[in-house]
Amino acid sequence: MLIEEARHPVFMREALREAERAYARHEVPVGAVAVLEGEIIGRGHNLRETLKDATAHAEILALREAARYLGDWRLERVVLYVTLEPCPMCAGALLQFRVKTLVFGAYDPKAGAAGSVVDLLRDPRFNHQVEVIPGIMAEECAALLRRFFQQLREERRDGRVD
């Protein structure tokens, strides 16, 4: 096993910590961290409801922070860890930021754009492709999402949520 591969769970745990922060804010619990040479340079968790912004996905926020840190929009050596397979918008952002590698946890069979529904990241028609490493700590990532949506269904059933 390569040293980088051995560190995937370490950084995915950090992404899960971000997802827990989203959960605590009653946001869909998705978290992301941007890593350069073993150092986290960007963090994000979903804030769509909090910010009333459809683009406030964990990936976008982590990539923006990484770009600010580097002082450049090109993130060609960055590895992005995210707890859920990115949607088409976030996959597009990974392409635009020129991210080197995506490592994700749970697959998204309804909106995944890294192989589940479509595969935007490895499409040779684009001028950039992203290496994709799926399924790292997939069960832990999926369990957090299941817990959140189960709680949301219970709250709606009990009339505690709009």
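## A walk through the model

Let's start at Arg-7, which you'll find in helix α1. Here, helices (H or I, at least four residues) and strands (E, at least two) are DSSP runs, numbered from the N terminus. Before going on, note that this is a predicted model: local features need pLDDT of at least 70, side-chain atom pairs count only at pLDDT 80 or more, and totals for chains, interfaces and linings use all residues. Residues are numbered from 1 along each chain as its sequence is written, and side-chain values use heavy atoms, with hydrogens and water left out.

Back to Arg-7: its relative accessible area is 33%, so it is partly exposed. For that label, buried means under 20% relative accessible area, exposed means over 50%, and partly exposed is in between (1.4 Å probe, protein chains only). Now look across to Glu-49: it is 42 residues from Arg-7 along the chain, and the C-alpha atoms of the two are separated by 32 Å.

Stay with helix α1 (residues 3-24) and move along to Glu-14. This residue is buried, because its relative accessible area is 18%. The side chain of Glu-14 makes a polar contact of 2.5 Å with the side chain of Arg-17. A polar contact is a pair of N or O atoms within 3.5 Å; within protein, one must be able to donate a hydrogen and the other to accept it, and residues adjacent in sequence count only if both atoms are side-chain atoms. If you skip neighbours within four places in sequence, Glu-14 is also in contact (heavy atoms within 4.5 Å) with Val-33, Ile-40 and Arg-43.

Next, hop over to Glu-37, in the loop between β1 (31-36) and β2 (39-45). Most residues other than glycine have a negative phi. Glu-37, though, has a positive phi, near 50 degrees. With 66% relative accessibility, Glu-37 counts as exposed.

There's another positive phi at Met-137, near 55 degrees. Met-137 sits in the loop between β5 (131-133) and α5 (138-157), and with a relative accessible area of 16% it is buried. Ile-136 lies in the loop between β5 and α5 too, and at 18% relative accessibility it counts as buried. What is Ile-136 in contact with, leaving aside its neighbours within four places in sequence? The answer is His-8, Pro-9, Met-12, Val-103, Phe-104, Gly-105 and Cys-141. Take Met-12: Ile-136 is 124 residues from it in sequence, yet their C-alpha atoms are 7.3 Å apart in space.

Now for His-57, in the loop between α2 (48-51) and α3. It counts as buried, at 13% relative accessibility. Not counting residues up to four places away in sequence, His-57 touches Asn-46, Arg-48, Cys-87, Met-89 and Cys-90.

Finally, look at how helix α3 (residues 58-70) packs with helix α4 (residues 88-96): their axes come within 9 Å and cross at roughly 20 degrees. That makes α3 roughly parallel to α4. Axes are lines fitted to C-alpha atoms, for helices over the stretch in contact, and angles run from 0 to 180 degrees between N-to-C directions. Angles under 35 degrees count as roughly parallel, over 145 as roughly antiparallel, 65 to 115 as roughly perpendicular and the rest as oblique. Who meets whom? Glu-59, Ile-60 and Leu-63 in α3 meet Met-89, Cys-90, Ala-93 and Leu-94 in α4. By class, this contact has six nonpolar residues, no polar ones and one charged one. Ala, Val, Leu, Ile, Met, Phe, Trp, Tyr, Cys and Pro count as nonpolar, Asp, Glu, Lys and Arg as charged, and the others, Gly among them, as polar.
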